[in-house]
Amino acid sequence: MFSIGEFARHGRVSVRMLRHYDAIGLLRPATVDAATGYRFYQAAQLGELNRVIALKDLGFTLGQVQAILAEQVSAAELRGMLKLRRAEIHAQIQDETARLARVEARLLTIEDEARVPVDGVVIKRLAPVRVGELTGTAAGYEPEAITPVIQPLYCELWQLMAGAGVSAAGPAIAYYEDTPAGDGAVVVHAAVPVVAEPGGEHAFHLVDLPEVDSAAAIIHHGSMDDVLPTGQALARWIDANGYRSTGYVREVTLEWSADPDQWVTELQQPIFTTGG
């Protein structure tokens, strides 16, 4: 038998915690001295204590721990709970990391608000082009909504083009439009210029993108998850120079590598003058 202090040391917990567990009926001492009120525990109770601590650290409330222990949870079941909790924590870390990255992008944009780019923006005509494309729907226009949709589309499109013997005739073009429902969702077009005749049997769509008379273009370096500062710099230039934007920006991949930090993308925003 161990005194409560000895049992606490062996279990690597505090005496105060053991007293609380006793008070709520979660882990009772093996015996209590009637004269002194001292609590005594058996070594076999260390296993029960280990289960309590493990379940608590997995995020269960003490009430839930009590209910689980009443079902005599096994070590194998605890292992399964640990694996599940590990996966949940990993997902939370990824979500928090992505959230912090979004905050960082917004902060960079806030710090850059006073600057309207004088250099780096050009006005150009966008020639008509035939593209092979696949489409999907994103819940919104935020990078965290677009990226999980567009990346698989491009992976599939390149495979389908290779299987059909169709080669790229220019850099990839991503473009967007609102869904007909008008619910804030966005139709994502993952497109690649091709030389192909319409009417052929392809597992992807052939689309003729029309000419755009005037577009303001700016170069973005790095991952498209970090495109916000560049896109808003372009928007400020458009406003400062007496233009209006129309529709969504096109994203033309000029350089691509396995490292997103090395990407080079031209943002092409169709525009018109405010006077016409």
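**Figure 1. Gly 222 in its loop.** In this predicted model, Gly 222 sits in the loop that links strand E9 (212-221) to H7. Is Gly 222 buried or exposed? With a relative accessibility of 7%, Gly 222 counts as buried, because buried means under 20% relative accessible area. Leaving aside residues up to four places away in sequence, Gly 222 touches Pro 260, Asp 261 and Trp 263. Look also for Glu 255: it is 33 residues from Gly 222 along the chain, and the C-alpha atoms of the two are separated by 9.8 Å.

**Figure 2. Thr 265 and its neighbours.** Thr 265 has its place in strand E12. Its relative accessible area is 2%, so Thr 265 is buried. Which residues does Thr 265 touch, not counting those up to four places away in sequence? Here you can find Ile 218, Ile 219, His 220 and Met 224, along with Glu 251, Val 252, Thr 253 and Leu 254.

**Figure 3. The largest pocket.** Now let us turn to an open space in the model. The volume of the largest pocket is about 1,100 Å³. Of the 39 residues in its lining, Ile 146, Tyr 176, Met 224, Val 227 and Glu 251 are the closest to the centre.

**Figure 4. What the pocket lining is made of.** Several helices and strands each supply at least two residues of the lining of the largest pocket: helix H6 (143-164), strand E6 (173-178), helix H7 (228-240), strand E11 (250-255) and strand E12 (264-273). Which element gives the largest share? That is H6, with 8 residues of the lining. Sorted by class, the lining has 23 nonpolar, 11 polar and 5 charged residues.

**Figure 5. Helices H1 and H2.** Two packed helices are described by the angle between their axes and the distance between the axes. The axes of helix H1 (residues 4-11) and H2 come within 9 Å of each other and cross at roughly 105°. H1 and H2 are therefore roughly perpendicular to each other, since angles of 65 to 115 degrees count that way. On the H1 side, the contact is made by Ile 4, Gly 5, Phe 7 and Ala 8, and on the H2 side by Val 15, Leu 18 and Arg 19. By class, the residues of this contact divide into 5 nonpolar, 1 polar and 1 charged.

**Figure 6. Arg 12 between two helices.** The loop between H1 and H2 holds Arg 12. Arg 12 is exposed, because its relative accessibility is 76% and exposed means over 50%. The backbone deserves a look too: phi of Arg 12 is near 55°, a positive value in a residue other than glycine.

**Figure 7. Helices H2 and H3.** Here helix H2 (residues 15-23) meets helix H3 (residues 45-57), with axes that come within 13 Å and cross at roughly 95°. That angle makes H2 roughly perpendicular to H3. H2 brings Met 17, Leu 18 and Tyr 21 to the contact, while H3 brings Leu 49, Val 52, Ile 53 and Lys 56. The residues of this contact divide into 6 nonpolar, no polar and 1 charged.

Figure 8. Ala 30 lies in the loop between H2 and strand E2 (31-32). A relative accessibility of 39% means that Ala 30 counts as partly exposed. Setting aside residues up to four places away in sequence, Ala 30 touches Met 1, Phe 40, Tyr 41, Gln 42 and Gln 45. How many Å separate the C-alpha atoms of Ala 30 and Asp 95? They are separated by 45 Å, and the two residues are 65 residues apart along the chain.

**Figure 9. Arg 244 in a strand.** Strand E10 (residues 243-245) is the place of Arg 244. At 48% relative accessibility, Arg 244 counts as partly exposed. Not counting residues up to four places away in sequence, Arg 244 touches Ile 238, Pro 270, Ile 271, Phe 272 and Thr 274. Tyr 154 is 90 residues away from Arg 244 along the chain, and their C-alpha atoms are separated by 30 Å.

How values were computed. Residues are numbered from 1 along each chain as its sequence is written. This is a predicted model: local features need pLDDT of at least 70, side-chain atom pairs count only at pLDDT 80 or more; totals for chains, interfaces and linings use all residues. Side-chain values use heavy atoms; hydrogens and water are left out. On a 1 Å grid over the protein atoms alone, a cavity is a set of points where a 1.4 Å probe fits but cannot get out, and a pocket is an open set with protein on both sides within 12 Å along at least five of seven lines; lining residues have an atom within 4 Å of a point. Grid points are joined across faces, edges and corners, and a volume is the space filled by probe spheres set on the points. Helices (H or I, at least four residues) and strands (E, at least two) are DSSP runs, numbered from the N terminus. Ala, Val, Leu, Ile, Met, Phe, Trp, Tyr, Cys and Pro count as nonpolar, Asp, Glu, Lys and Arg as charged, and the others, Gly among them, as polar. Axes are lines fitted to C-alpha atoms, for helices over the stretch in contact, and angles run from 0 to 180 degrees between N-to-C directions. Angles under 35 degrees count as roughly parallel, over 145 as roughly antiparallel, 65 to 115 as roughly perpendicular and the rest as oblique. Contact means heavy atoms within 4.5 Å. Buried means under 20% relative accessible area, exposed over 50%, partly exposed in between (1.4 Å probe, protein chains only).
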